[in-house]
Amino acid sequence: MEVMLAYDHSRNSRIALDAVKRLFAHEAPTVTLISVIEEPGSNTSAGDEMFEAQYQEQKKGAETAAAELVAAGFKAKVLFAEGDARKMILRATQERNPDVLVLARHSYKSDGNFLARRLDALVEEFDHMTFGNVSAFLARRVQCPLLIIPTHAE
């Protein structure tokens, strides 16, 4: 079994990683972590530095996650891509043809102050009814089964 996991080392992708370990432990699949680094919107050297810092952080996080999967008995590999996350993940599924694509549903985590908690509660009501930008795009286009992991729970 081949599982592809969209992974950017964020809180949400860590939740999806934990779900993959829990849900697929009995299958012992090969898990490919697809980590997409989006290009900064600047052509300056500061943009290059931001891109390199993001790339190094995501690379380290994805490799750590792959090692975590291996320690849990999975086969794991990491695939890096640059560009629009939606398009790069779609392309990876087309080229690799996984049995399932797993990703986390987008959510916002409030910073904890009073106003943010109130706004977060309102946003969560609307967000609960929808997917995020990447998951909505992939739900309409991906040709393999798609598992979207909810991220609202702590």
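Residues are numbered from 1 along each chain as its sequence is written, and side-chain values use heavy atoms, with hydrogens and water left out. Because the model is predicted, local features need pLDDT of at least 70 and side-chain atom pairs count only at pLDDT 80 or more, while totals for chains, interfaces and linings use all residues.

The protein chain has five helices and five strands, where helices (H or I, at least four residues) and strands (E, at least two) are DSSP runs numbered from the N terminus. Their order from the N terminus is β-α-β-α-β-α-β-α-α-β. Of the 154 residues, 39% count as buried; buried means under 20% relative accessible area, exposed over 50%, and partly exposed in between, with a 1.4 Å probe and protein chains only. The accessible surface of the chain (Shrake-Rupley method, 1.4 Å probe) comes to about 9100 Å², and 53% of this belongs to carbon and sulfur atoms. Contact means heavy atoms within 4.5 Å. Among contacts between residues at least 6 apart in sequence, 77% join residues at least 24 apart.

The crossing of α3 past α5 is right-handed, that is, the near helix is turned clockwise from the far one by less than a right angle. From α3, Ala85, Arg86, Lys87, Ile89 and Leu90 take part, and they meet Asn133, Val134, Phe137, Leu138 and Arg141 of α5. These residues divide into six nonpolar, one polar and three charged. In this count Ala, Val, Leu, Ile, Met, Phe, Trp, Tyr, Cys and Pro are nonpolar, Asp, Glu, Lys and Arg are charged, and the others, Gly among them, are polar.

Within α5, Ser135, Ala136, Phe137 and Leu138 are buried. The buried residues of α5 pack against α3, β4 (100-104) and β5 (146-149). Ser135 counts as buried because its relative accessibility is 2%. Leaving aside neighbours within four places in sequence, Ser135 is in contact with Leu103, Leu146 and Ile148. Ser135 and Arg86 lie 49 residues apart in sequence, and their C-alpha atoms are 8.0 Å apart in space.

Gln58, in helix α2 (residues 45-71), counts as buried because its relative accessibility is 7%. Its side chain makes a polar contact of 2.8 Å with the side chain of Ser35. Such a contact is a pair of N or O atoms within 3.5 Å; within protein, one must be able to donate a hydrogen and the other to accept it, and residues adjacent in sequence count only if both atoms are side-chain atoms. Not counting residues up to four places away in sequence, Gln58 touches Tyr7, Asp8, Ser35, Val36, Ile37 and Phe80.

Thr30 belongs to strand β2 (residues 30-37) and is buried, at 15% relative accessibility. Beyond four places in sequence, the contacts of Thr30 are Met1, Glu2, Val3, Lys75 and Lys77.

Two loop residues remain. Ala28, in the loop between α1 (11-23) and β2, has a phi near 50°, a positive value in a residue other than glycine. Ala28 is partly exposed, with a relative accessible area of 42%. Asn97 lies in the loop between α3 and β4, and its phi is likewise near 50°. With a relative accessible area of 59%, Asn97 is exposed.
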